[in-house]
Amino acid sequence: MKNYRKLILFFKRKYNILLDTELKLPFKKQSIQNSNFYKITENKINTFSKFLKGNINIKFFESNSKDNYFKKDFNFISIHYSENNLIISRNIQNNESIKIKKDISIKIPGDIIDGDKILNFESLLKIIQDIISVVGNKQIPLLLTLSSKFFICKTFSKKELSLSKNINSKLIAMSPFIEENTTIRIKDEANIDAQESIKVVFSRKDIIQSWVKVLSKLENPKIGISNGYLELTESFLKFDSKVDSYIIADVDAFNTTLFLKNKNSYLISSILPFGSDLYNSESDEIRLQYFNRLKNSAENLIKENDLSKKIKIYICGNGLDLLKKKEESLPHKLIEVDFLFRKNINYENEQLSNAYFHNQSYTLCQNKSNLSFNFLDNYLNINRWDINKEVNGSLNKFSELDIFSKYLKQFFEVIIKQKKVFYPTASVLILTLLVWLISLPSILTVKRLKNNHIKYQTDINELRMIKIFIEENIDNVISLSTIYRSQSPAYLFANFIQETIPEDVKISNYLLNKSGFRFEFMTKDIESVNKLIKLLSTIPLIDKDSISIDYIREVPSGKGKNVILELNGKLINLSLEERLKYNLNFEDLGKYTKLNIFSDIKNILERNHGRQ
């Protein structure tokens with residue numbers, strides 16, 4: 001559409017120049033102007049020029065551009081979690097700004113989320129669903145931002161990873177978290193071979209998985225899981241072109257996260273063990289101690305990474321409002337991130353706060369179709385937001401197509417009447433149309449297969465993570481295979497017997513093997529015998545239908561008579577899930593840890609078999 005617009009404008013200018021310019025010919029001008037050919041040609045050119053100026057609606061070619069989709073209003077819901085604070089807002093993006101329609105902030109109880117760990121998924125899901133029903137609906141896309149402390153950035157040179165056949169495995173081995181509990185996102189992973197350095201963000205797998213579990217239960221399409229300041233480090237020059245190297249300090253209640261990036265795109269982060277909670281005071285001296293400590297930490301970070309001291313430090317976060325008085329200037333030349341976005345974020349209600357959260361929403365939304373570090377890309381089977389569906393829906397306007405058909409018909413009628421003048425122009429237009437038609441099948445094929453390609457990339461990433469897991473645990477699987485094959489129930493059986501046998505029953509003799517057991521019990525009366533048999537039948541390891549009494553007799557004792565009986569029975573082989581459950585209940589953590597490796601592998605195999 002844009003090419004046709006430029007072509008029409010080009011011919012309009014050329015014809016206008018032709019009409020307004022006096023022709024310089026080597027023969028008499030007057031004789032040419034008096035000729036019938038000159039008059040007919042001039043009349044036809046004037047007719048065509050007036051048609052272009054008055055009849056063709058060039059604006060039509062602009063209205064259906066896919067690029068203009070991003071200029072239209074885009075509704076989305078932002079969710080943010082940090083330090084048991086949950087904030088959800090309804091936002092509208094328009095051009096280079098967003099408008100905050102609604103903003104709801106609540107404190108999550110400790111029995112639902114204990115610090116970082118989600119304890120009660122159902123309650124948290126109900127809270128989020130209730131808030132979404134207030135601020136929006138189930139069709140609006142969701143964007144989840146998590147606290148900066150959940151993400152650690154590092155930049156690796158190719159030399160550091162050159163000897164590794166599996167880059168992901170090598171990176172996970174360098175993780176600041178436990179390897180088994182690490183998930184990563186790599187900047188431009190598809191072009192990793194062409195990069196001089198590799199920027200990686202590490203996060204805890206259990207935290208990301210728990211939030212993915214919550215999001216998967218919501219009907220809204222999901223844009224991604226990330227942190228706004230991670231995205232800001234990748235696009236900072238759009239907001240402050242004078243900056244080469246900078247630090248972004250995100251102040252939380254109990255910690256402060258520093259994101260550092262230099263002019264060579266070297267990116268790292270550091271988590272400082274102090275936040276606003278220690279320095280929240282009416283005393284200016286106490287509050288100033290925080291900024292002094294932050295300055296010293298930033299200088300140490302600059303020195304450790306051998307950076308120039310000509311560096312800007314930006315500060316943000318929910319803890320900043322507790323440390324800074326209103327309209328108070330910040331010490332040590334600190335710059336508020338909020339200052340960069342004041343013109344880009346508009347509030348429907350002037351009383352809304354949480355600017356640090358809306359800054360992140362704005363930054364992520366600017367690149368919503370391709371986030372730099374989107375941890376949702378590591379997971380399948382979740383309703384993802386697809387920009388192609390949104391664009392195709394917005395372009396489906398038949399009324400504009402009818403208008404275009406009308407003007408196109410008029411255009412061809414003029415051409416038919418002006419054959420000799422328009423042969424060159426028509427040739428160019430037809431050639432352009434043929435090229436466009438030839439390329440159309442490939443364009444449609446790319447669009448049709450794009451979702452399959454994204455799914456393929458996601459499957460490859462999951463397969464790579466599975467391969468890493470298996471490679472890391474294959475030695476343990478081999479060495480611990482005897483434990484997995486062994487159904488020896490001695491430890492579990494002893495604990496079950498200890499929990500089950502009444503206090504007035506004594507064991508005088510016993511025999512236990514892999515297939516069955518034989519016990520000799522001493523009780524006071526027949527009633528105790530019946531109670532004993534009933535309790536034994538409840539033990540998961542025992543086949544209750546196989547319990548039998550070999551003999552029973554009464555024997556005298558100092559306090560009367562006792563009953564001696566011998567019981568036989570068969571054992572049941574427990575499943576892997578039951579063995580894990582009961583070993584954990586009886587605190588046999590060593591065997592539980594070893595068996596859990598086989599459980600993880602079994603789950604992987606079952607999941608992939610089900611997918612086939």
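**Exercise 1.** Which residues form one aromatic cluster together with Phe274?

*Solution.* This is a predicted model, in which local features need pLDDT of at least 70, side-chain atom pairs count only at pLDDT 80 or more, and totals for chains, interfaces and linings use all residues. Residues are numbered from 1 along each chain as its sequence is written, and side-chain values use heavy atoms, with hydrogens and water left out.

Step 1. Apply the pairing rule: rings of Phe, Tyr and Trp (its six-membered ring) pair if their centres lie within 6.5 Å; planes under 30 degrees apart count as stacked, over 60 as edge-to-face and the rest as tilted.

Step 2. By this rule there are 11 aromatic pairs. One of them joins phenylalanine 274 and tyrosine 290, edge-to-face, with 5.6 Å centre to centre and 75° between the planes.

Step 3. The cluster consists of Phe274, Tyr279, Tyr290 and Phe291.

**Exercise 2.** Are phenylalanine 274 and tyrosine 290 buried or exposed?

*Solution.* Buried means under 20% relative accessible area, exposed over 50%, and partly exposed in between (1.4 Å probe, protein chains only). Both phenylalanine 274 and tyrosine 290 are buried.

**Exercise 3.** State which residues threonine 233 touches, not counting residues up to four places away in sequence.

*Solution.* Step 1. Contact means heavy atoms within 4.5 Å.

Step 2. With those sequence neighbours left out, threonine 233 touches Tyr246, Ile248, Phe259, Lys261 and Leu267.

Step 3. The relative accessible area of threonine 233 is 2%, so this residue is buried.
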